[in-house]
Amino acid sequence: MALTASDYAIAKLLDKAGVDLILVGDSLAMVTLGYKNTLPVTLDDMIHHAQAVGRGIERALLIVDLPFLSYQVSTEDAMRTAGRVFKETDAKGIKLEGGYPDMVKTIRKLVQAGMPVMGHLGLTPQSVHQIGYRIQGNNPKAATEIWEQAQALVDAGVFALVLENVPSELAIKITESLPIPTIGIGAGKDCDGQILVTHDILGLSDWQPPFARKYVDLTEIITSAVQKYCQDVRQPSYRALRSNEPPE
Ligand code: KIV
């Protein structure tokens with residue numbers, strides 16, 4: 001099972017809790033950096049966060065998303081971008097969105113150069129201005145297109161495939177027909193693995209996707225702890241602990 005991370009502290013917790021794969025997803029643009037969508041995040045941002053996450057991981061597989069426009073313009077761009085991720089972080093693989101012919105060619109080249117690539121089909125958030133955040137592949141033509149792209153990505157050499165926000169029947173069909181693992185997010189329960197954005201399951205996101213179960217409401221817990229601290233400090237009797245005093 002897989003989750004996202006964008007900093008050392010959370011990565012360390014996920015790793016210790018037994019998460020198999022930690023993705024430095026470009027969703028960090030929204031949940032960590034406060035942007036409206038994933039498009040503004042840069043390669044330098046991704047590398048900075050991936051380095052922090054890498055320092056927190058002892059066991060899990062670290063995968064890093066290539067950000068918008070760092071790999072779509074040309075295969076040469078993609079090679080250089082991916083090369084920087086592998087040279088400057090502990091990433092064991094990268095993830096790219098899309099399965100159209102030029103992307104398939106680029107992925108083939110990356111894999112041939114020894115860089116493990118994870119694919120991402122269905123709702124691809126870097127195309128938000130074209131497709132929105134709606135379910136994808138929910139008519140026969142669109143489902144066939146995603147299925148064909150999945151086959152093409154396997155042929156190009158991806159080692160796993162994220163399927164985001166597609167009908168569970170389509171996710172089952174793709175999962176059963178591919179020789180590589182599928183990892184679902186909003187794609188039903190029958191993919192080989194599951195991934196969610198950690199901020200969503202911890203109750204730290206501004207917007208909760210309908211397919212992400214909230215396991216704890218950290219917004220409530222942190223707000224109440226910070227309010228208690230503020231009340232304490234405002235008391236005339238407040239006395240900060242000194243470093244040589246035992247904690248209360
Ligand atoms: O950026 C991201 O968080 C993702 C999801 C698949 C979790 O790509």
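## Basis and overall architecture

Helices (H or I, at least four residues) and strands (E, at least two) are DSSP runs, numbered from the N terminus. On this basis, Glu76 falls in helix α4, which spans residues 75–88. The structure is a predicted model, in which local features need pLDDT of at least 70 and side-chain atom pairs count only at pLDDT 80 or more, while totals for chains, interfaces and linings use all residues. Residues are numbered from 1 along each chain as its sequence is written, and side-chain values use heavy atoms, with hydrogens and water left out.

The protein chain contains ten helices and eight strands. Along the principal axes, its C-alpha atoms fill a box of roughly 70 × 40 × 30 Å. Of the 248 residues in the protein chain, 47% are buried; buried means under 20% relative accessible area, exposed over 50%, and partly exposed in between (1.4 Å probe, protein chains only). Contact means heavy atoms within 4.5 Å. Among contacts in the protein chain with a separation of 6 or more, 56% join residues 24 or more positions apart.

## Nonpolar core

In soluble globular proteins, nonpolar side chains tend to be buried together. A nonpolar core is defined as a set of buried Ala, Val, Leu, Ile, Met, Phe, Trp, Tyr and Cys residues joined through side-chain atoms within 4.5 Å. The largest such core has 64 residues, and those with the most contacts inside it are Leu96, Leu161 and Leu163.

Which residues does Leu163 contact when its neighbours within four places in sequence are left aside? The partners are Leu121, Ala171, Ile174, Thr182, Ile183, Gly184, Ile185, Ala187 and Cys191.

Glu164 lies in strand β6 and counts as buried because its relative accessibility is 12%. Leaving aside neighbours within four places in sequence, Glu164 is in contact with His120, Leu121, Gly122, Leu123, Pro125 and Ile185. Thr223 is 59 residues from Glu164 along the chain, and their C-alpha atoms are separated by 31 Å.

Asn165 is in the loop between β6 and α8 (168–177). Asn165 is also buried, because its relative accessibility is 12%. Most residues other than glycine have a negative phi. Asn165, although not a glycine, has a positive phi of about 50°.

## Partly exposed positions

Tyr133 is placed in the loop between α6 (128–131) and α7 (140–156). Its relative accessible area of 37% is why Tyr133 is classed as partly exposed. Beyond its neighbours within four places in sequence, Tyr133 is in contact with Met30, Lys36, Asn37, Leu123, Pro125, Val128 and Asn165.

Leu69 lies in the loop between β3 (61–65) and α4. Leu69 is partly exposed because its relative accessible area is 49%, and its phi is near 65°, a positive value in a residue other than glycine. Glu76 is likewise partly exposed, because its relative accessibility is 46%. Glu76 and Thr106 are 30 residues apart along the chain, and their C-alpha atoms are separated by 8.4 Å.

## Pocket and cavity

Both kinds of void are found on a 1 Å grid over the protein atoms alone: a cavity is a set of points where a 1.4 Å probe fits but cannot get out, and a pocket is an open set with protein on both sides within 12 Å along at least five of seven lines; lining residues have an atom within 4 Å of a point. Grid points are joined across faces, edges and corners, and a volume is the space filled by probe spheres set on the points.

The largest pocket has a volume of about 710 Å³. Its lining comprises 35 residues, of which Ser27, Met30, Val197, Asp200 and Trp207 lie nearest its centre. Elements giving two or more residues to this lining are α2 (28–31), β6 (160–164) and β8 (193–196). The structure holds one cavity of 30 Å³ or more. The largest cavity has a volume of about 40 Å³, and its lining residues are Thr4, Ala5, Ser6, Gly25, Ser27, Leu28, Val31, Thr32, Val197 and His199.

## Ring interactions

A charge sits over a ring if NZ of Lys or CZ of Arg is within 6 Å of the ring centre and within 35 degrees of the ring normal. The charged end of Lys173 sits over the ring of Trp147, 4.7 Å from the ring centre.
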